[in-house]
Amino acid sequence: MVTRQATVKNAFGIHCRPSAVIASQARSYSGSIRASNHHGDADAKSVLELVGLAAACRQELTIAVEGPDEEQVCAQFVALFESQFDFER
């Protein structure tokens, strides 16, 4: 298992739309990807669990990956959680 810290950079945090993007990408990975903070622990393949973390801007998350290519996948998901997610308004 590989764990890394990620800082949420999206101004509105990890709400429904970023959660959907993250979960969609996580579902393509055969291993386990989890995100956690002081609100709890979430399976990154679940939009509802990610939203339940209530991850606000500048909040630290721990990303844990277990499975094939752990290092590479963990780095990809840290970058994803740290995305600005510039959705059109």
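## Terms and basis of the model

In this report, a residue is buried under 20% relative accessible area, exposed over 50%, and partly exposed in between, with a 1.4 Å probe and protein chains only. The structure is a predicted model, in which local features need pLDDT of at least 70, side-chain atom pairs count only at pLDDT 80 or more, and totals for chains, interfaces and linings use all residues. Residues are numbered from 1 along each chain as its sequence is written, and side-chain values use heavy atoms, with hydrogens and water left out.

## Overall form

The chain contains 3 helices and 4 strands, arranged from the N terminus in the order β-α-β-β-α-β-α. Helices (H or I, at least four residues) and strands (E, at least two) are DSSP runs, numbered from the N terminus.

For 89 residues, a compact globule would have a radius of gyration near 12 Å, and the value of 12 Å for the chain agrees with this. That radius is taken over C-alpha atoms, and the globule rule is 2.2 Å times the number of residues to the power 0.38. The C-alpha trace spans about 35 × 25 × 20 Å along its principal axes. Of the 89 residues, 38% count as buried. Contact means heavy atoms within 4.5 Å; among contacts with a separation of 6 or more, 67% come from residues 24 or more positions apart.

The 4 strands form an open sheet in the order E1-E4-E2-E3, with antiparallel pairing. Strands E1 (2-7) and E3 (40-43) stand at the edges with a single partner strand each, so one side of each has no neighbour in the sheet. Neighbouring strands are turned by 25° against each other on average, direction ignored. Two strands count as paired if DSSP finds at least two bridges between them; E1 and E4 (residues 60-66) have 6 bridges in the antiparallel sense. Within this pair, Gln 5 has Thr 62 in E4 as its bridge partner.

Helix H3 (residues 70-81) packs on the sheet and touches E1, E2 (32-37) and E4, while its direction makes about 15° with that of E1. Axes are lines fitted to C-alpha atoms, for helices over the stretch in contact, and angles run from 0 to 180 degrees between N-to-C directions.

## The nonpolar core

A nonpolar core is a set of buried Ala, Val, Leu, Ile, Met, Phe, Trp, Tyr and Cys residues joined through side-chain atoms within 4.5 Å. The largest such core has 25 residues, and those with the most contacts inside it are Ile 22, Ile 33, Leu 50, Ile 63, Phe 77 and Phe 81. Two or more residues each come from E1, helix H1 (16-27), E2, E4 and H3, with H3 giving the largest share, 6 residues. Beyond four places in sequence, Phe 77 touches Ile 22, Gln 25, Ala 26, Ile 33 and Ile 63.

## Asn 37 and His 39

Asn 37 lies in strand E2 and is buried, with a relative accessible area of 14%. Its side chain reaches the backbone nitrogen of His 39 at 2.7 Å, and a polar contact of 2.9 Å joins the side chains of Asn 37 and Gln 59. A polar contact is a pair of N or O atoms within 3.5 Å; within protein, one must be able to donate a hydrogen and the other to accept it, and residues adjacent in sequence count only if both atoms are side-chain atoms.

His 39 is found in the loop between E2 and E3 and is partly exposed, with a relative accessible area of 47%. A polar contact of 3.3 Å joins its side chain to that of His 38.
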